Amino acid sequence: MQSVVAKKTITRTPAETSPLSIRHFSARSVLPFVFFGALWFILCRQLSGEWSVNEQYNYGWFVPFFALYLFWLRWEDRPIEGRYPPRSNFGTAPRSSLQIVAILIGVPTLFLLLPVRLFEIANPEWRPVAWIDAALVVTLTLLYLWYVGGRPWLRHFAFPVAFIFVAVPWVTPVEAPIIQGLMRAVAAVAAETIALFGIPAQLEGNLIRVTSGLVGVNEACSGVRSLQTSLMIGLLFGELKRLSISRRIVLIAGAVAIALIANFLRATLLVWIAATKSISEINRWHDLASYTIIGLVFVGTLILATLLGRKKEQGRAKMEDGDIQHPTSDIEHRISYSALPASYLVFALFWIVAVEAGAQLWYRAHEENLVSTTRWDVRWPEAAPNFHKLKIGEEVRRVLRFDEGQAAAWTLSAATSPATLGQPKPSTITCLLYLFRWKPGRNSALLANLHRPDVCLPAVGWTQVADTGVRDYSVSASFALPFRHFEFRHGTSEDSAPPPAAHAFYCLSEDRVPTPSAAGANPSQMATSPSSWTRGERVREVLEGRRHLGQQVMEFIVLSRGPTDLDQVEARFARALPQLIKIESRK
């Protein structure tokens, strides 16, 4: 006798469709939510440092919420009983074999979280570690989904789980050539376009020289920051419309094209404003142009996604009209939200706690002998001649990642400025003062050692001619700060015009130090060469248990037209320092 399976339509009740339904709610079903919630929270907290300080990745704050929403949409139409034919590994495969595979993949992945966490604490801005951390979290999540629902769930939920990768900062060897190349391309096209309108414009790398001055493409189009945003928006709309892979590629390419065209128009507009009005007018239009680009990318990608999704929706409607249903199995293929043994999840949850606790204990064990230092700040000489605050560029902020930064300049008259015997006094001496503050935890302890006079001044054409080493300068009777003194020259002497000279005083102060130094400065680190950011240095930071506990850098630079005597400059700086430094009271 031949059996016939009747075709019927299966309707889910609200209690059956909700993943948090009362029928499935139990202590065991809560464990996966707690474990993966903690896992993803730690990852997003780590990535948020880059999202906060780097405007290029500000969109990263939205990505976790988008990923959660996409996962929810996928959950609503997940492969489940009665909707697809039974699969060999979809609720029917021997759990023992699945457990072996899950253990072989899951256990090493879990154990890798410990070294990754140790490196993240010492080097929060090291991007390869961020990619490894994201890969581990995604692997554990997909592994659990595969164990619960087999290959259908793995394929079904792969995109929303892996969507977090769009918010992980690109590694510098990949990012720098792409961004710099696009900046130069946009600058070249903008310069040629402006020239077509009869406005003189000369291209100098990624700078455009107009009659009123220089316009940088990093200001005119923000380093093509919308490129990463356009990739995120293209991937998001492609998933919302459930487009095919080929159509998603077309959508992403269209989003990137819209972003590049918008950046070109923005650069052209701001260069035109600078040429016809003034450089200062750029600031009035800068933010408006930024938001306009994001709006254009969003609207343009949405329209393109709608056009690409029309045919797909028509095909889906035809399938629904045919009411094609798969026969239900005699065996009810119900999926438990905690199909993995509870003991495994409990172990994994305790391991995450152990990783966080173990990492903290490792660094605290190396910080037992550290003592807090006296906090100090700068007293800005606002009454000095020509005193004015300096704007710190966005590129400097992005590289240094400081929490607080200030800069100012003022001049000294010839009567009060030092001079060398036998040489005429310079007409004026310009003083520059920079102060940067890094709060604990968000950056590597190596970062503060990157902004040094022997790094920054040679990068803009100055030549170092002297280094007198580290010396203590008194601030009060019981308080002194060590500074390292450098001397620089710019250009060569021609005829009677001496080359400009610069004397730079550099101090790196830490909130906690190994010895009871009142100043909190680190003479040993100041006396060494600047950090090269090698893998060896980063590994050494981990092995020595050295994390960022709070740092402060002060740089005082004296600029003059012509050479000045080293001893007189140091004497002048020693007299000025007590008026520039104020000691903060302990709270």
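A residue counts as exposed when its relative accessible area is over 50% and as buried when that area is under 20%, with partly exposed in between. By that rule Asn386, at a relative accessible area of 55%, is exposed in this predicted model. The protein chain contains 16 helices and 14 strands, and buried residues make up 45% of its 587 residues. Of the contacts in the protein chain with a separation of 6 or more, 78% are accounted for by residues 24 or more positions apart.

**Packing of α3 with α5**

- Helix α3, which covers residues 63–76, packs with helix α5, which covers residues 127–162, at an angle of about 130°, and their axes are 9 Å apart; that angle makes α3 oblique to α5.
- The crossing in which α3 passes α5 is right-handed, and on the α3 side the contact is made by Ala67, Leu70, Phe71, Arg74 and Trp75.
- On the α5 side, the contact is made by Leu145, Trp153, His156, Phe157, Phe159, Pro160 and Val161.

**Packing of α6 with α9**

- Helix α6, residues 172–196, and helix α9, residues 245–276, pack at an angle of about 50° with their axes 9 Å apart, and the two helices are therefore oblique to each other.
- The crossing of α6 and α9 is right-handed, with Leu182, Val186, Val189, Ala190, Thr193 and Ile194 making the contact from α6.
- From α9, the residues that make this contact are Leu260, Asn263, Phe264, Ala267, Thr268, Val271 and Trp272.
- The residues of the contact of α6 with α9 divide into 10 nonpolar and 3 polar, with no charged residue.

- Thr141 has its place in helix α5 and is buried, because its relative accessible area of 10% falls under the 20% limit.
- The side chain of Thr141 makes a polar contact with the side chain of Trp40 at 3.0 Å.
- Once neighbours within four places in sequence are left aside, the residues in contact with Thr141 are Phe36, Trp40 and Val161, and Val161 is also one of the α5 residues that make the contact with α3.
- Thr430 has its place in strand β8, residues 428–438, and at 25% relative accessibility it counts as partly exposed.
- Although Thr430 and Thr411 are 19 residues apart along the chain, their C-alpha atoms are separated by 4.4 Å.
- Thr430 is in contact with Trp410, Thr411, Ile557, Val558 and Leu559, when its neighbours within four places in sequence are left aside.

- Asn386 is exposed at a relative accessible area of 55%, whereas Arg401, at 6% relative accessibility, counts as buried.

Terms used. Residues numbered from 1 in each chain as written. Predicted model: local features only at pLDDT ≥ 70, side-chain atom pairs only at ≥ 80, totals over all residues. Heavy atoms only, no water. Axes fitted to C-alpha atoms, helices over the stretch in contact; angles between N-to-C directions. Helix = DSSP H or I, 4+ residues; strand = E, 2+ residues; numbered from the N terminus. Parallel < 35°, antiparallel > 145°, perpendicular 65-115°, else oblique. Left-handed = near helix turned anticlockwise from the far one by under 90°. Contact = heavy atoms within 4.5 Å. Buried < 20%, exposed > 50% of the residue type's maximum accessible area, 1.4 Å probe, protein only. Polar contact = N/O pair within 3.5 Å; in protein donor to acceptor, adjacent residues only side chain to side chain. Nonpolar A, V, L, I, M, F, W, Y, C, P; charged D, E, K, R; others polar.
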